[in-house]
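Let's take a walk through this fold, one piece at a time. Have the sequence and the coordinates open as you read.

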Amino acid sequence: MNIEEKIELIQEGTLEIIDVDELKEKLEKEHPIAYTGYEPSGKIHLGHAVTIMKLKQLQDLGFKIKILLADYHAFLNGKGTVEEIAETAEYNKRCFQGLGLADDTEYILGSSFQTGSEYTNDVYQLATLTTLKRAKRSMDQVSRHDDNPKVASVVYPLMQTADMSALEVDVALGGMEQRKIQMLARENLPRIGKEAPVCIHTPLIHGLDGDDKMSSSKGNYIAVDDDEKTIKDKIKKSYCPMGETEGNPILEIADHFVFSQQDTLLIERPEKFGGNLELNKDELYTMYGEENLHPMDLKNAITQYLIDFLKPVREFMESQE
RNA sequence: CCCGACUUAGCUCAAUUUGGCAGAGCGUUGGACUGUAGAUCCAAAUGUUGCUGGUUCAAGUCCGGCAGUCGGGACCA
């Protein structure tokens, strides 16, 4: 596979690559490093899984993958005590493994290096280069809501910047909510004499309730280790307007998790409603948009697909207990 | 360190000048209507009133102490 073909693959399902020419250079390396950081979270859901799927693809293309279990970041963001977060991080690691990342994926706990002297120096350097306004703004989509925002919330993006240097990453992958932090990092790293990584952003998927963002705090997610019944119940209750192809969480799940794995989706429906269908992505969107496919039939198909898709994750997690 | 204000359901807030059964909206849950969900309609659940001591027949309400948050003042050789 040549570099152009690789780039085409990487672009699938991403909103932006900043920038593509730099990515070409990175792809000439033997084993470029790609990283994503996750705040340890009580549940790993399909939103997280969008980025994990992309990391798996990068892995197949020869990247070395580093996953930052960002325990300090979670701590700074008010998610609990360091001890609680460490436990959650261990659980999250199993979720990521269960989603199929290769065994040589490196899982790194933030606290294992984020107090080092060189690292700390980087953070202080960055602190002198970053205005409060800019740092706060970068946290718009990331910061947990707080009526009394703490200094911690502006240290957060500086640490995320320093992470990229400390982990020697070539590519930083994240959901679109990370964009402002990543852009700040790209701007500041050269100013402290470090190289900025290529930034790749994936779309956020809508919550099952139709909310802008699937998030563990809102309970509008499907967790990667949800069991069959839970998946059924959650999809059944999901927002899914007839004919609506924008902001429809069920179609988004089809997009990111079905059509990234296979070309067509089998939709089983009773004869009286037209009988079974096998549709590719374009056909599905067209047919749904024209109201020729009922939401319930779509939901049933996605429910069954997700049950099968997440089954190995669940089994892996159980085998680890 | 000093002064003041605030703290009530998951969230936002009510609860009369003058102590008398702690409420609403939103959210949540259930039902109706739809071959899904939502919208709409109907119904239901939910409280250590920040903690603590006191006054009183009776305290969310009055008094004392503590804590948290916010604001101001003071300190600045």
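What follows is a short tour of a sheet, a few helices and the nonpolar cores. Keep in mind that this is a predicted model.

Start with the sheet. It's an open one, built from 6 strands in the order β1-β6-β5-β2-β3-β4, and the pairing is mixed. At the edges sit β1 (16–18) and β4 (106–109), each pairing on one side only. On average, neighbouring strands here are turned by 20 degrees against each other, direction ignored.

Zoom in on one pair: β5 (residues 171–175) and β6 (residues 198–202) run in the parallel sense, with 5 bridges between them. Within that pairing, alanine 172 has cysteine 199 of β6 as its bridge partner. Lying across β1, β5 and β6 is helix α9 (residues 179–188), which runs at about 175 degrees to β6.

Next up is helix α12 (residues 281–289), where Leu284, Met287 and Tyr288 are buried. Why do these buried residues line one face of the helix? Look down the axis of α12: they fall within an arc of 95 degrees, so they end up on one face. The cover over them includes α11 (249–258), β7 (264–267), β8 (277–280) and α13 (295–319). At its start, a side-chain oxygen of asparagine 280 comes to within 3.1 Å of the backbone nitrogen of aspartate 282. Just after α12, glutamate 291 adopts a positive phi of about 60 degrees.

Leu284 turns up again in the largest nonpolar core, where Ile67, Phe257, Leu284 and Ile302 are the residues with the most contacts inside it. Helix α13 gives the most to this core. Setting aside neighbours within four places in sequence, isoleucine 302 touches Ile235, Ile250, Ile253, Ala254, Val258 and Leu265. Another core lies apart from the largest one, and its members include Tyr35, Leu126, Met164 and Val169.

| Core | Size | Some members |
|---|---|---|
| Largest nonpolar core | 66 residues | including Ile67, Phe257, Leu284 and Ile302 |
| Another core | 20 residues | including Tyr35, Leu126, Met164 and Val169 |

One last stop: is asparagine 92 buried or exposed? Its relative accessible area is 1%, which is under 20%, so asparagine 92 counts as buried. This residue is found in helix α5 (residues 82–98). Leaving out neighbours within four places in sequence, asparagine 92 is in contact with Glu39, Pro40, Ser41 and Ile44.

Technical notes
Residues are numbered from 1 along each chain as its sequence is written. Chains are lettered from A and ligands numbered from 1 in the order in which they are written. This is a predicted model: local features need pLDDT of at least 70, side-chain atom pairs count only at pLDDT 80 or more; totals for chains, interfaces and linings use all residues. Side-chain values use heavy atoms; hydrogens and water are left out. Buried means under 20% relative accessible area, exposed over 50%, partly exposed in between (1.4 Å probe, protein chains only). Helices (H or I, at least four residues) and strands (E, at least two) are DSSP runs, numbered from the N terminus. The arc is that of the directions from the helix axis to the C-beta atoms. Contact means heavy atoms within 4.5 Å. A polar contact is a pair of N or O atoms within 3.5 Å; within protein, one must be able to donate a hydrogen and the other to accept it, and residues adjacent in sequence count only if both atoms are side-chain atoms. Two strands pair if DSSP finds at least two bridges between them. Axes are lines fitted to C-alpha atoms, for helices over the stretch in contact, and angles run from 0 to 180 degrees between N-to-C directions. A nonpolar core is a set of buried Ala, Val, Leu, Ile, Met, Phe, Trp, Tyr and Cys residues joined through side-chain atoms within 4.5 Å.
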